[in-house]
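Take a first walk through this protein model.

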Amino acid sequence: MTASNPLHDESTTLPATGAHLDSTAHLMNRISSQLTSQLSLVSLDGRRRPAPPALVVVAHGSRDPRALSTVRALLDKVRELRPGLPVRLGHIELNEPLLPDTLASLGDREAILVPLLLGRGYHIKRDIPEMAADSEVRARVAGALGPHPLLVEALHARLIEAGWDTRLDEPTRRESAVVLAAAGSRDPESKVDTARTARLLADRLGVPVVPAYATTAAPTVPDALRALAARGRTRVAVASYFTAPGRFATECAQAAPWIASAPLGTHPAMARLLLHRYDQMPATPVTTAPELASA
């Protein structure tokens with residue numbers, strides 16, 4: 001298996017003068033962002049606008065320390081795209097801050113909870129709405145991130161980073177395929193969402209894309225790879241359909257017979273999608289059921 005590219009952006013070492021200019025530019029950007037943030041709270045008639053609802057990104061949590069650092073870096077990208085928007089992080093389990101603690105810190109203010117989860121399942125249908133209902137926050141709970149074209153954009157980019165050639169001749173195309181490796185869930189709607197993402201990615205790549213799972217659901221990634229090989233698809237990539245590094249993502253990548261892409265991580269499309277789900281929410285606070293729009 002060919003190793004996939006790391007999640008973090010690569011930097012270059014600059015000479016002293018360049019580093020000084022870069023530091024000055026970074027300071028100016030911070031000042032500009034802070035001014036934009038302050039001005040966004042003031043209307044044209046000089047009156048102070050009400051603060052926007054807080055965006056609470058709800059991550060699952062992981063024992064892999066790379067997951068937490070990846071999620072934090074992703075939230076920094078969201079803040080860069082939307083200066084002035086209060087952005088918080090809460091976890092369902094395993095990592096701090098836990099979602100109930102994040103909600104408690106908000107008091108009774110308004111917030112929109114956007115799960116950093118790729119498909120429907122128990123966490124979105126029960127856990128997150130119940131945690132929101134148990135808090136004083138005037139909460140609205142968004143649906144899953146996927147399926148959505150922005151996820152396909154990120155998946156496509158990660159495959160290219162790993163070595164996927166976008167200009168395949170016909171003989172190569174006939175022997176190529178992709179396994180979309182996801183976490184898995186007992187909820188049948190989760191499989192529906194993953195299958196829809198697989199179809200969207202297949203349309204983008206022009207080769208078969210088979211959804212497969214690390215746990216709970218079938219087929220497993222190795223089973224999907226064997227089935228594709230039996231059909232003559234010997235040039236098969238594994239597309240990592242995970243939001244951050246972790247055990248499942250690592251195990252799926254290790255099963256790849258050719259290349260495996262990195263998790264979606266901090267790809268810019270992920271930050272844009274979190275804000276899209278935030279902007280989609282209706283004006284009336286709802287804590288009993290998540291919004292399930294997929295447009």
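**A walk through the fold**

P97 sits in the loop between β2 and α3. Helices (H or I, at least four residues) and strands (E, at least two) are DSSP runs, numbered from the N terminus. This is a predicted model, in which local features need pLDDT of at least 70, side-chain atom pairs count only at pLDDT 80 or more, and totals for chains, interfaces and linings use all residues. Residues are numbered from 1 along each chain as its sequence is written, and side-chain values use heavy atoms, with hydrogens and water left out.

Stay with P97. A cis peptide bond joins E96 to P97, with omega about 0°. L94 also lies in the loop between β2 and α3. Its phi is near 75°, a positive value in a residue other than glycine. L94 is partly exposed, at 42% relative accessibility. Here buried means under 20% relative accessible area, exposed means over 50%, and partly exposed is in between (1.4 Å probe, protein chains only).

Step into helix α3, where T102 is placed. T102 is buried, with a relative accessible area of 4%. Contact means heavy atoms within 4.5 Å. Neighbours within four places in sequence aside, T102 is in contact with V56, R88, L89, G90 and P97.

Next comes helix α4, residues 122-133. Its twelve residues reach 16 Å from first C-alpha to last, close to the 16 Å expected at 1.5 Å a residue. The expected span is 1.5 Å times one less than the number of residues. Which residues of α4 are buried? They are I124, D127, I128, P129, M131 and A132. The buried residues of α4 pack against β1 (54-59), α3 (99-105), β3 (110-115) and β4 (138-141).

Beyond β4, P147 lies in the loop between β4 and α5.

Now look inside. A nonpolar core is a set of buried Ala, Val, Leu, Ile, Met, Phe, Trp, Tyr and Cys residues joined through side-chain atoms within 4.5 Å. The largest has 50 residues, and L55, L116, L145, W164, V178 and L201 have the most contacts inside it. Apart from it lies another core of 18 residues, among them I92, L103, A111 and A144. V178 touches residues including L159, W164, L201 and V236, not counting residues up to four places away in sequence.

At 5% relative accessibility, W164 is buried. The charged end of R235 sits over the ring of W164, 5.7 Å from its centre. That label requires NZ of Lys or CZ of Arg within 6 Å of the ring centre and within 35 degrees of the ring normal.

Aromatic pairs are rings of Phe, Tyr and Trp (its six-membered ring) with centres within 6.5 Å; planes under 30 degrees apart count as stacked, over 60 as edge-to-face and the rest as tilted. The count comes to one aromatic pair. W164 and W258 form this tilted pair, 5.9 Å centre to centre with 50° between the planes. W164 lies in the loop between α5 (149-162) and α6 (170-174) and W258 in the loop between α9 (247-254) and α10 (268-280), so the pair ties together parts 94 residues apart in sequence.

Finally, step back. The protein chain has ten helices and seven strands. Buried residues make up 47% of its 295 residues.
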